[in-house]
Amino acid sequence: MATKATPQAPPQVMGDNDLGPVRLPVDRETHQYDDWTIGYTKSHILKSVCVKGETCVAGDPDCCELCVYNLALALPHLPDMVFHRNVLRISHASGAQLEFNPLDALKLVRNEKLDLKVACSDEWRESRPEAAQTGDKVKPFDWTFTTEYTGTVNDRFRVEPTEQRIDMFKLMRKEEILFYHNLTLFEDELHDHGISLLSVKVRVMPSGFYVLLRFFLRVDNVLLRSNDTRFHYEKGNDYVLKEFTHREAKVEQLKHIPPALFTNPDHIVDKLPVVRKVNEKLTIIKPE
């Protein structure tokens, strides 16, 4: 008689140097932290062709995902990669909610109806002789997809200026990471002349949570730009601190920095001069 085999647990996928199991990708995940629910969804990039043969109508519930974007934005074209289902949502039991999504971010891209050249387009053409030879006009919108999107906040937060600052030294302390994820919202390689990238990271620790929303732009041989929005919540508070920082420099101003750093936002952003900074306090409005 055959012996009944003992069920075996499926093998774990281990990381380099046996540093522990690798977390396999999932489409959605949530984490409960006190009265906060922190979760994300993620999926494939937005299709580049209308699946209904260009017959979609604004307001139609059956409108395809591409046309929802095109009708809402009216941009000449979208970034190469729009991760339309990638959303980070942070919700409080009171109903206060903070969300990060690509559609709201792209709504803040300049869409000039007049044929206006965007900043640095002349320098970009001069640095790219092959582009100058085409004689094509710069499209009437910001082809760098620069956005000053700082997240989508609902009316259960009271937003006001503040003198309080996020304590970055406190965030640098070693702490257990309870939950972490990094989502790309959109990306464009500017026809191989650089990169335009919007991403959001969330980190939950025993002491609170931290979010970094970053727009990073590199136009090769011309410009580097970042728009960083940081959020920090500390356990026990009834508010979240928010800090928006705009940094920018032309490449000619960065001759003292190795060009190899230009391709890595984590290495170059802090070396760019600060142009503008805004500090706000998001206070939770408690239900009556």
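Trainee: In what order do the strands of the open sheet of 8 strands lie?

Mentor: The model is predicted: local features need pLDDT of at least 70, side-chain atom pairs count only at pLDDT 80 or more, and totals for chains, interfaces and linings use all residues. Residues are numbered from 1 along each chain as its sequence is written, and side-chain values use heavy atoms, without hydrogens or water. Strands (E, at least two residues) and helices (H or I, at least four) are DSSP runs numbered from the N terminus, and two strands pair if DSSP finds at least two bridges between them. In this sheet of 8 strands the pairing is antiparallel, and the order is 3-8-9-10-11-12-13-7.

Trainee: Which strands are the edge strands of that sheet?

Mentor: An edge strand here pairs on one side only. That description applies to strand 3 (81-82) and strand 7 (157-161).

Trainee: Which residue stands opposite Leu198 in strand 10?

Mentor: Strand 9 (194-205) and strand 10 (208-219) run antiparallel and are joined by 12 bridges. Within strand 10, the residue opposite Leu198 is Phe215.

Trainee: How much space lies in the largest cavity?

Mentor: A cavity is a set of points, on a 1 Å grid over the protein atoms alone, where a 1.4 Å probe fits but cannot get out; a pocket is an open set with protein on both sides within 12 Å along at least five of seven lines, and lining residues have an atom within 4 Å of a point. Grid points are joined across faces, edges and corners, and a volume is the space filled by probe spheres set on the points. A search of the whole structure finds 1 cavity of 30 Å³ or more. The space in the largest cavity is about 30 Å³.

Trainee: Which elements give two or more residues to the lining of the largest cavity?

Mentor: The lining includes Leu198 and Phe215, together with Thr147, Tyr149, Leu213, Asn227, Thr229 and Phe244. By class it has 5 nonpolar, 3 polar and no charged residues, where Ala, Val, Leu, Ile, Met, Phe, Trp, Tyr, Cys and Pro count as nonpolar, Asp, Glu, Lys and Arg as charged, and the others, Gly among them, as polar. The elements that supply two or more lining residues are strand 10 (208-219) and strand 11 (223-234).

Trainee: How many charged residues has the lining of the second largest pocket?

Mentor: The second largest pocket holds about 270 Å³ of space, and of its 13 lining residues the closest to the centre are Met168, Arg214, Arg230, Arg247 and Asp270. Strand 12 (239-250) gives the most to the lining, with 3 residues. Beside 4 nonpolar residues and 1 polar residue, the number of charged residues is 8.

Trainee: Is Leu190 buried or exposed?

Mentor: Leu190 lies in the loop between strand 8 (179-188) and strand 9, and has a positive phi of about 50° although it is not a glycine. Most residues other than glycine have a negative phi. Buried means under 20% relative accessible area, exposed over 50% and partly exposed in between (1.4 Å probe, protein chains only). Because its relative accessible area is 4%, Leu190 is buried.

Trainee: What is the relative accessibility of Asn221?

Mentor: Asn221 is in the loop between strand 10 and strand 11, with a positive phi near 65°. Asn221 counts as exposed because its relative accessibility is 56%.

Trainee: Which side chain makes a polar contact with the side chain of His84?

Mentor: His84, in the loop between strand 3 and strand 4 (87-92), counts as buried because its relative accessibility is 11%. Leaving out residues up to four places away in sequence, His84 is in contact (heavy atoms within 4.5 Å) with His44, Ile45, Leu46, Glu65, Tyr69 and Pro102. A polar contact is a pair of N or O atoms within 3.5 Å; within protein, one must be able to donate a hydrogen and the other to accept it, and residues adjacent in sequence count only if both atoms are side-chain atoms. The His84 side chain reaches the backbone nitrogen of Leu46 at 3.5 Å, and at 3.0 Å its side-chain partner is Glu65.
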